[in-house]
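Opening the notebook on a new model today. I want to go through a handful of spots and jot down what turns up at each.

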Amino acid sequence: MAGDRVLVPLSDTVTVRQTVSYAVRDAFESADALECHLVVALPYESDAPEGARHLEDADDLLARAKNWVEEDASGSAVEIETAVLGADEYLFGPRDYAEIFAAYADEHDLDRVVLDPEYRPGVTSSMIQPLERELDAVGLAYDEAPVDRPARHERLVGDGVERFDKLFATFWISFGFYLVLGDPTYPFDLVTGAAVATIVAVTLSNVTFRFPLDRVQSPLRVLRFVIYIPYLLYEIVKANIAVSAVILRPSMPIEPTLTRVDARVRSGLPLLALANSITLTPGTLTVRANDQHLIVHTLIPSAREDLFDGGLEKGIRFVFYGRESAAIASPRERGDAEIVGGDEV
């Protein structure tokens, strides 16, 4: 079919309907026909615990979007294709999304991508700017839909609630940390702790939490984190013993290496928690963490083996995603871990 050939990545945002409408309207302004490819890029593999739910949501969104295209085309010549991308791989960040869109566009000989300004595939904030930079890097033409964003007014209704939730959470985290360092039975510490926590909450709540908090899931995550702490302490003690045993041996079989691990946790707080947990464990040090790609320095072979076995990764997945999500293959089994250098690196 001759005409405009566009790719429209979809995510369940408040502007996705307007984006689809713009793609159809703009195509028929310059062409007599439209070949519209609607795709949903999954943030998880379909066989991951979270993947089944995301796959169902993707199918539902694609069905709705197909109806929108037919409705907006109003009988004009339009061919619609739908696809789910990333079902057999793990998309880490904007670069991976740009590359998978470019590969799809090349395969189907598409002209350009129409982007939703609020595009957020499985993440809590828009990734449009980094995605556009990566699309430029791969040479794929794109067009950002000029949506009116009427939902901005709707968000203002919830901003007060979201702001309170962030303030509330930041206050109690800061207050609790202050009391751990001080004396919770001493009235002066209670008063000064509350004052400091208030200042921290007012000034840093939006920095600490860049996304709306879930009033059900957030307390559950706190509870799961409390359960995770003894396991982390056990790993720290075990690693201390292993490192000490190696150092005390006359031969000192130390093998410093740099390793790469692609962790199956999302960026932001989950990735930060995993990177810090690895660093807290003697024998391992997180050198870099970017888009789930971790570069870790390991001191001894057992520390490297524990890292590749993914115990801490599973623990962090339990904290943030629940018990079922912890039942995942290890980085070694997935092929997501490798030694990238030794002493010379």
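Predicted model: local features only at pLDDT ≥ 70, side-chain atom pairs only at ≥ 80, totals over all residues.

**Aspartate 109 and onwards**

Aspartate 109 comes up as exposed, at 55% relative accessible area, and the cut-off for exposed is over 50%.

I then checked where aspartate 109 sits, and found it in the loop that runs between helix H3 (94–108) and strand S4 (112–115).

**Leucine 7**

Next I went to strand S1 (residues 4–9), which holds leucine 7. Is leucine 7 buried or exposed? I get a relative accessible area of 0%, so leucine 7 is buried, the limit for that being under 20%.

**Serine 30**

Serine 30 belongs to helix H1 (residues 16–30). I have its relative accessibility as 61%, so serine 30 goes down as exposed. Which separation did I look up for serine 30 and glycine 3? Along the chain they are 27 residues apart, while C-alpha to C-alpha I read 8.5 Å.

I moved on to helix H5 (residues 151–181), where tryptophan 172 is found. With a relative accessible area of 45%, tryptophan 172 is partly exposed; that label covers values between the 20% and 50% limits. Which residues make up the nonpolar surface patch here? I wrote down Phe164, Phe168 and Trp172, which together have about 360 Å² of accessible area.

**The second largest pocket**

Last stop was the second largest pocket, with a volume of about 290 Å³. How many residues line it? I have 25, and those nearest the centre are Glu235, Ala303, Asp306, Leu307 and Leu312.

I then asked which helices supply at least two lining residues each. The list reads helix H7 (217–248), helix H8 (269–280), helix H9 (301–309) and helix H10 (311–321). H7 gives the most, with 6 residues.

How values were computed: Residues numbered from 1 in each chain as written. Heavy atoms only, no water. Patch = residues over 30% accessible without salt bridge, like charges linked within 9 Å, V, L, I, M, F, W, Y side chains within 5 Å. Areas by Shrake-Rupley, 256 points an atom, 1.4 Å probe, with all protein chains shown as cover. Salt bridge = Lys/Arg side-chain N within 4 Å of Asp/Glu carboxyl O. Helix = DSSP H or I, 4+ residues; strand = E, 2+ residues; numbered from the N terminus. Buried < 20%, exposed > 50% of the residue type's maximum accessible area, 1.4 Å probe, protein only. 1 Å grid on protein atoms, 1.4 Å probe; cavity = no way out; pocket = protein on both sides within 12 Å on 5 of 7 lines; lining within 4 Å. Points joined across faces, edges and corners; volume = space filled by probe spheres on them.
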